[in-house]
Amino acid sequence: MSDPRILTGLGVSPGYVVGRAYVIPWGLPDVPHRVISQREITSEIDRLQGAVDAVRRHLEGFRERTAHRAGPSEAKIFDAQILMLEDVEFMSEVERLIRENQLSAERAFEFKALEVRALWAQSGSPVLRQRQADLAGISVRVLHQLLGHSLDELLDQPDEPVIVFTQQLTPDLTVEFDRDQVIGFASVQGTRTSHAAILAHSLGIPCVMGLVGGLEKIEHGMSVILDGTHGTVLLEPSIEEVAEANAKEQRLQALERELERVVGQPGVTADGVLISLRGNVDLPEELNQAVEHGAEGVGLVRTEFLIVGRTELPQEDEQARYFELVASRFPDQPVVIRSYDLGGDTFPAPFRAPAEANPFLGWRAIRVCLDHPDVLRTQIRAILRARAAGDVQLMLPLITQVEELDAAREVVEQAREELVREGVRAGSDLPVGVMIETPAAVYLAEELAKRSDFLSVGTNDLTQYILAVDRSNARLAHRFTPFHPAVVRALKIIADAGTREGRAVSVCGEMASEPLAAFLLLGLGYRVLSVSPPRLPLVRWLIRQIDVSAAKQAGESVLQAATTQEITAILTEGIVEFIDLGLLEAGQLPAARAPTTLNS
Ligand code: PEP
Ligand code: MG
């Protein structure tokens, strides 16, 4: 039975801290319904403006403070909140409610803020859903200001270093307190990519979001251990548990020092095999981190953000500009752009797709693109244009038939001829790669390799389809593992097929960023790994310590194993010779977790 003292959530900023809980009721205050008279309308609008100005000044102060404490790009997070306050449409709607419905300023502001929140929640856009906390932060402040409440009482500076617990951590609350007074954050709502999570991470403050079970079990002043690495909170810990948490923090710091040491060093194994380590880029803001962490190109440019949450399809020019931007950040290095992987459980508005009983087995990825050749052609034209500016390549997701590859190649050829006819500068020889993500593609790996320029294994989907385990089903998370013997054997078949046909084979699924799995992949013959930018230092550090010869030996043994447990035991035994597992345990995200992406 699980320990009732442990609350679980998402670790969004790593680290282990021990301290007292400081519970802040940070939410929208109760706003009494109040109707004003005609005569009061002008003064009510002035009162609204006064409150908004006061909050804006406060946020400008936070922006300055954040620039000092975290850096200029983190400070820009407050521009997003300030812009919301300055949004003409929003503010004129609030004023209209005061004028026409004769609502008090606080009632009108609350009404509009709740309306926008509901709209964003329904939008299906992950970006808008994430920005809800930004809106909540300004709403709380403006409403308290209008109600004449003093925030100083609510946000009383604690007199010892504490761990702040709240329903929703907003960016402004994250920087409200002095660094030496708050040693950790925990909230019920929130995601890994929310602004508050980014800020907590940049400030080096451990943080857990999405705490299951809410705040009911937390009492103000209670002693807790917050584990921002694995995303848990332990209530009322024993002396031994506190000592263990402190030891883990020490190991984490030792690991961080090790990771800093390998920045800028080549990805060469201890026995001299060169491994190409690329980054996966889902959003433009990840480019900087990929460059800073020394990615040797981009092994997977996800393009769904260009379309999800929008009402119109993106034009060729906009796409070409983005692809050229990515290429310009990685001169002379490969930039592998994946055609839209739409579908699964996310469908952007422009497609108006009917709901399906089994979306992950349905109209998804290449299937959607081939049924909308105009959409695919626009994207491919943009990729061909960017090819003139760098080593840009095209990659096709969820291929199950050779015909799909042939059809996509046909579109590439047509698009190229069109561009030549139009006199538009474009690359003449676009490499086209296939993602191996389905059992069908595994069995056809040799034929697909023959007809394409490279293979790239999407282990997130490959694991899902081989094991028949929905990658986004939390109840099945323990079954979702690339260390299953069937997945491991498939990985071997793919690597061998690529090698036989003389094609490069890479792995761009989440698996490549998990140390034990990266060791396995090298052992099975993979020499190109593409991982999310924050994981680059860890994988580089690992590569530089291990011997490929030992990985190969482990690779041969795991192919004889019948269970996941045997496989992880063989790999652990193989890697322990090179790596301090204590360091890994303290610094690592849970092993081969089910990935969360725009599609999942
Ligand atoms: C994968 O399936 O492993 C992959 C890289 O693609 P995505 O996670 O975007 O489906
Ligand atoms: Mg995939």
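**Figure 1. Of the chain's contacts between residues at least 6 apart in sequence, 71% join residues at least 24 apart.** Contact here means heavy atoms within 4.5 Å. This is a predicted model, in which local features need pLDDT of at least 70 and side-chain atom pairs count only at pLDDT 80 or more, while totals for chains, interfaces and linings use all residues. Residues are numbered from 1 along each chain as its sequence is written, chains are lettered from A and ligands numbered from 1 in the order in which they are written, and side-chain values use heavy atoms, with hydrogens and water left out. You'll find 25 helices and 16 strands in the chain; these are DSSP runs numbered from the N terminus, with helices (H or I) at least four residues long and strands (E) at least two. The radius of gyration is 26 Å, close to the 25 Å that the globule rule gives for 600 residues, so the chain is as compact as a globular protein of that length. That radius is taken over C-alpha atoms, and the rule is 2.2 Å times the number of residues to the power 0.38. Laid along its principal axes, the C-alpha trace spans about 80 × 70 × 45 Å. The chain's accessible surface is about 25,800 Å², and carbon and sulfur atoms hold 50% of that. These areas come from the Shrake-Rupley method with a 1.4 Å probe; for residues, only the protein chains shown count as cover. As for the inside, 52% of the 600 residues count as buried. Buried means under 20% relative accessible area, exposed over 50%, and partly exposed in between (1.4 Å probe, protein chains only).

**Figure 2. Here is ligand 1 with the 16 residues that surround it.** To be in this shell, a residue needs one of its heavy atoms within 4 Å of the ligand. The closest are Arg302, Glu437, Gly458, Asn460 and Arg471. Helix H19 (residues 459-467) gives the largest share of the shell, three residues.

**Figure 3. Zooming in on ligand 1, we pick out polar contacts with Arg338, Gly458 and Asn460.** A polar contact is a pair of N or O atoms within 3.5 Å; within protein, one must be able to donate a hydrogen and the other to accept it, and residues adjacent in sequence count only if both atoms are side-chain atoms. Arg338 brings a polar side-chain atom to 2.9 Å from a ligand oxygen. Gly458 uses its backbone instead, with a polar atom 3.4 Å from an oxygen of ligand 1. Asn460 also takes part through its backbone: an N or O atom there lies 2.7 Å from a ligand oxygen. Of the 290 Å² of accessible area that ligand 1 has on its own, the protein covers 100%.

Figure 4. Leu59 is buried, at 0% relative accessible area, whereas Gly61 is partly exposed, at 35%. Leaving out residues up to four places away in sequence, Leu59 touches Phe78, Gln81, Ile82, Leu85, Ile138 and Asp172. The C-alpha atoms of Leu59 and Ile82 sit 6.9 Å apart, with the two residues 23 apart along the chain. Gly61 and Leu252 are 191 residues apart, and their C-alpha atoms are separated by 33 Å.

**Figure 5. Lys112 belongs to helix H5 (residues 105-122).** Is Lys112 buried or exposed? This lysine is buried, with a relative accessible area of 9%. Neighbours within four places in sequence aside, Lys112 is in contact with Phe90, Glu93 and Val94.

**Figure 6. Ser506 has its place in strand E15 (residues 504-507).** It counts as buried because its relative accessibility is 10%. Ser506 touches Leu455, Ser456, Val457, Tyr526 and Val528, again without residues up to four places away in sequence.

**Figure 7. Helix H22 (residues 536-545) is mostly covered, with eight of its 10 residues buried.** Those buried residues are Leu536, Pro537, Leu538, Val539, Arg540, Trp541, Leu542 and Ile543.

Figure 8. Most residues other than glycine have a negative phi. Glu236 counts as partly exposed, at 47% relative accessibility. Ala468 sits in the loop between H19 and helix H20 (485-500), and at 69% relative accessibility Ala468 counts as exposed.
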